[in-house]
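Morning, everyone. Please look at the screen for a moment before I start.

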Amino acid sequence: MNLSASGILVRFLFALLLVLLTYNPSTYSYFHWVYTSWHHITPYIVIAGIILLIGWGVYINATLNSLGIIGVIAFSALLGCLVWLFIYWGFLSVSDVSAMVWVIEILLAALLTVGMCWSHFTRRMSGQVDVDEIEER
């Protein structure tokens with residue numbers, strides 16, 4: 001199966017949706033919903049939480065399987081340096097917490113997207129296919 005630019009974009013949009021629905025500074029997020037409804041939890045809140053948990057599980061599992069822990073750390077370090085570069089160039093201010101959170105969330109979505117796409121990239125570059133290990137008993 002080939003991965004196109006539109007496939008990468010769709011994966012990024014779903015990752016961004018997952019990250020921003022979980023938490024964002026605008027106060028329209030699952031975190032804020034639970035925080036304001038803490039004393040009156042409804043089935044809607046629980047179902048939404050389970051759906052978000054499933055989404056995070058899919059993305060984190062795929063990211064760890066394709067990049068590994070070293071790859072996740074290396075890519076996170078690269079993204080951290082990008083934030084530092086934005087601050088260095090003056091595009092981003094450490095004192096503007098809201099802007100910092102938005103940038104970090106977009107970069108987190110980028111990390112999850114790379115994790116979802118990495119096996120496609122490596123197969124295209126090297127010709128090798130990644131498969132999940134199956135334990136034999």
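Exposed means over 50% relative accessible area, buried means under 20%, and partly exposed lies in between, with a 1.4 Å probe and protein chains only.

A word on the source. This is a predicted model, so local features need pLDDT of at least 70 and side-chain atom pairs count only at pLDDT 80 or more, while totals for chains, interfaces and linings use all residues. Residues are numbered from 1 along each chain as its sequence is written, and side-chain values use heavy atoms, with hydrogens and water left out.

Now the overview. The protein has 4 helices and 0 strands. Along the sequence the pattern reads α-α-α-α. Helices here are DSSP runs of H or I with at least four residues, strands are runs of E with at least two, and both are numbered from the N terminus. How much of the protein is buried? Buried residues make up 27% of the 137 residues.

Helix α1 comes next. It covers residues 5–22, which is 18 residues. From first C-alpha to last it reaches 26 Å, close to the 26 Å expected at 1.5 Å a residue. The expected span is 1.5 Å times one less than the number of residues. Which residues of α1 are buried? They are G7, A15, L16, L18 and V19.

T27 is found in the loop between α1 and α2. T27 has a positive phi of about 75°, although it is not a glycine. For background, most residues other than glycine have a negative phi. T27 is partly exposed, with a relative accessible area of 47%.

On to the aromatic rings. A pair of aromatic rings is described by the distance of the centres and the angle of the planes. Rings of Phe, Tyr and Trp (its six-membered ring) pair if their centres lie within 6.5 Å; planes under 30 degrees apart count as stacked, over 60 as edge-to-face and the rest as tilted. By this rule the count is 4 aromatic pairs. One of them is F31 with Y35, which is stacked, at 6.2 Å centre to centre with 15° between the planes. F31 and Y35 both sit in helix α2, residues 30–36. They are 4 residues apart, about one turn of the helix. An α-helix has 3.6 residues a turn, so residues three or four places apart point the same way. F31 is partly exposed at 44% relative accessible area. Y35 counts as exposed, at 63%. Back to W89 and F91: their ring centres are 5.7 Å apart and their planes lie at 70°, so that pair is edge-to-face. There is also a cluster: Y23, F31 and Y35 form one aromatic cluster.

Now helix α3, residues 43–89. How far apart are the end C-alpha atoms of α3? α3 has 47 residues, but its ends are only 46 Å apart, short of the 69 Å that a straight helix would reach. Where is the kink in α3? A kink of about 95° is centred on G68. The bend at a residue is the angle between axes fitted to the seven residues ending there and the seven starting there.

Next, the surface. W38, I41, V46, I50, I54 and V58 form a nonpolar patch there, with about 600 Å² of accessible area together. One of these, I54, lies in helix α3. I54 is exposed, with 53% relative accessible area.

Last, helix α4, and some residues at a distance in sequence. V114 is in α4, residues 97–126. At 17% relative accessibility, V114 counts as buried. V114 and V72 are 42 residues apart along the chain, and their C-alpha atoms are separated by 9.6 Å. L111 is also found in α4. L111 counts as buried, at 9%. L111 and I60 are 51 residues apart in sequence and 9.8 Å apart in space, C-alpha to C-alpha. V83 is back in helix α3. At 11% relative accessibility, V83 is buried. V83 and V103 are 20 residues apart in sequence, with 7.7 Å from C-alpha to C-alpha.

That's it from me.

Terms used:
Patch = residues over 30% accessible without salt bridge, like charges linked within 9 Å, V, L, I, M, F, W, Y side chains within 5 Å. Areas by Shrake-Rupley, 256 points an atom, 1.4 Å probe, with all protein chains shown as cover. Salt bridge = Lys/Arg side-chain N within 4 Å of Asp/Glu carboxyl O.
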